[in-house]
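Have the viewer open and follow along.

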Amino acid sequence: MENSVWGNQNQKRNGEVLDGSNIMELVGNEQGFSKFVDNKFHELDKDRDGKLSLKELEPAVADIGAALGLPAQGTTPDSDHIYYQVLNEFTHGKQEKVSKSEFKEVLSDILLGMAAGLKRDPIVILRMDGEDLLEFLNGPSYDEEMSSIFSQIQNSSTSLRELVIEAFGRLNVDRGIPPTSDSWVFNNIVDPALLSQALDRPVTDQETFMEEFKKGALSVVDFLKEKPVIVAHSENTFDGSGVKRLLSNKFELDKTLNTVLENLPKDRSGNISKDSLRVTLDVVSPSAGLPPVGAIEEMDKVISEAFKMVNNADNKSVMIKEEEFKKILSEILGSIMLQLEGSPIAISSNSVVHEPLSASTTLLHPS
Ligand SMILES: [Ca+2]
């Protein structure tokens with residue numbers, strides 16, 4: 001595998017950190033970045049007319065989406081909306097071909113945005129090859145931790161098999177278990193590892209559970225040795241500081257809002273429906289250091305609370321002037337900021353890095 005701007009993915013050691021520094025280096029090197037853009041542009045410009053059509057931009061947009069961690073296009077309306085926004089960035093909302101200098105400018109903006117995000121919340125790449133799990137199984141905290149898990153889940157499952165699987169789900173990457181909610185991990189590691197055990201029987205006592213769990217876990221160790229799983233681990237804290245930064249920078253806030261407002265439907269007097277507030281907030285979210293809607297349940301609660309507080313009394317689909325629209329949106333952002341400052345949301349996420357994903361982000365690999 002070649003080096004990507006995310007970091008050197010060839011290094012198969014634990015805890016490799018993607019903090020955006022490689023991206024900064026790439027974009028900051030004028031000559032190197034020009035060459036990078038030249039190569040990518042040439043690859044994408046299939047008909048060699050020196051411009052990129054919407055069709056020719058598609059692979060670039062798909063790569064950027066994958067790099068942002070979005071599901072494939074067509075998966076959810078929310079993620080499709082972000083893809084649409086990325087494409088709009090390139091075409092400036094006009095459905096026209098894109099020149100090389102426009103392509104370079106937008107790509108640089110997008111990459112620097114990603115780098116800033118990674119600097120704030122670095123991603124740690126973990127290679128799970130069974131060693132950490134084996135260490136945990138033989139370690140001093142094992143018995144206590146497993147019996148605590150047993151007491152929490154003993155009544156939740158009817159069969160021993162389900163209970164063992166549930167217990168794997170309770171152990172996280174710190175214990176050397178890749179996320180079992182990932183279907184690849186389940187189908188290729190957990191499920192086959194348990195095949196040789198007779199687990200289709202009722203749960204009786206803790207001792208039996210402990211014995212069967214350990215057998216299963218040792219078998220998982222063997223499977224991980226054969227097929228190590230790469231996991232991208234990140235810990236994000238949303239404490240409102242990103243929103244505060246955006247709100248305190250009037251110039252950036254205006255620039256961001258104007259770009260969004262240009263693309264919103266308006267009536268003949270140029271008024272905008274309050275219905276558009278939600279979608280506008282979504283587009284502004286990355287600049288405010290907020291996750292996309294639907295990504296984090298706690299965050300969605302904070303946001304709907306902000307909408308209730310600022311916007312609840314009025315008729316929600318009323319048409320309002322652009323200035324009023326901006327003012328309400330700023331108030332909503334302010335409310336989100338205050339809520340997050342009061343009680344920050346901390347999220348730890350683990351996603352399995354599958355080969356197809358890393359292979360598809362060719363745009364971001366300097367060649
Ligand atoms: Ca072309």
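## K51 and E56

At 35% relative accessibility, K51 falls in the partly exposed class, which runs between the buried cut-off (under 20% relative accessible area) and the exposed one (over 50%), using a 1.4 Å probe and protein chains only. E56, by contrast, is buried, at 8%.

Before going further: this is a predicted model, where local features need pLDDT of at least 70 and side-chain atom pairs count only at pLDDT 80 or more, while totals for chains, interfaces and linings use all residues. Residues are numbered from 1 along each chain as its sequence is written, and side-chain values use heavy atoms, with hydrogens and water left out.

## The loop around D49

D49 sits in the loop between helix 2 (30-44) and helix 3 (54-67); helices are DSSP runs of H or I, at least four residues long, and strands are E runs of at least two, numbered from the N terminus. D49 is partly exposed, at 35% relative accessibility. Leaving aside residues up to four places away in sequence, D49 touches E56 and K97, contact meaning heavy atoms within 4.5 Å. Its C-alpha is 10.0 Å from that of S99, 50 residues apart along the chain.

R48 lies in the loop between helix 2 and helix 3 too, and its phi is positive, near 55°, though R48 isn't a glycine.

UniProt, in an unreviewed entry, puts "domain: EF-hand" at residues 32-67; such annotations may be inferred rather than shown by experiment. That stretch is 75% helix and 0% strand, with its end C-alpha atoms 21 Å apart.

## A helix pair elsewhere

Helix 11 (residues 241-248) packs on helix 15 (residues 322-342) at about 145°, with the axes 8 Å apart. Axes are lines fitted to C-alpha atoms over the stretch in contact, and angles run from 0 to 180 degrees between N-to-C directions.

On the helix 11 side, V243, K244, L246 and L247 take part, meeting S330, L333, G334, M337 and E341 of helix 15.
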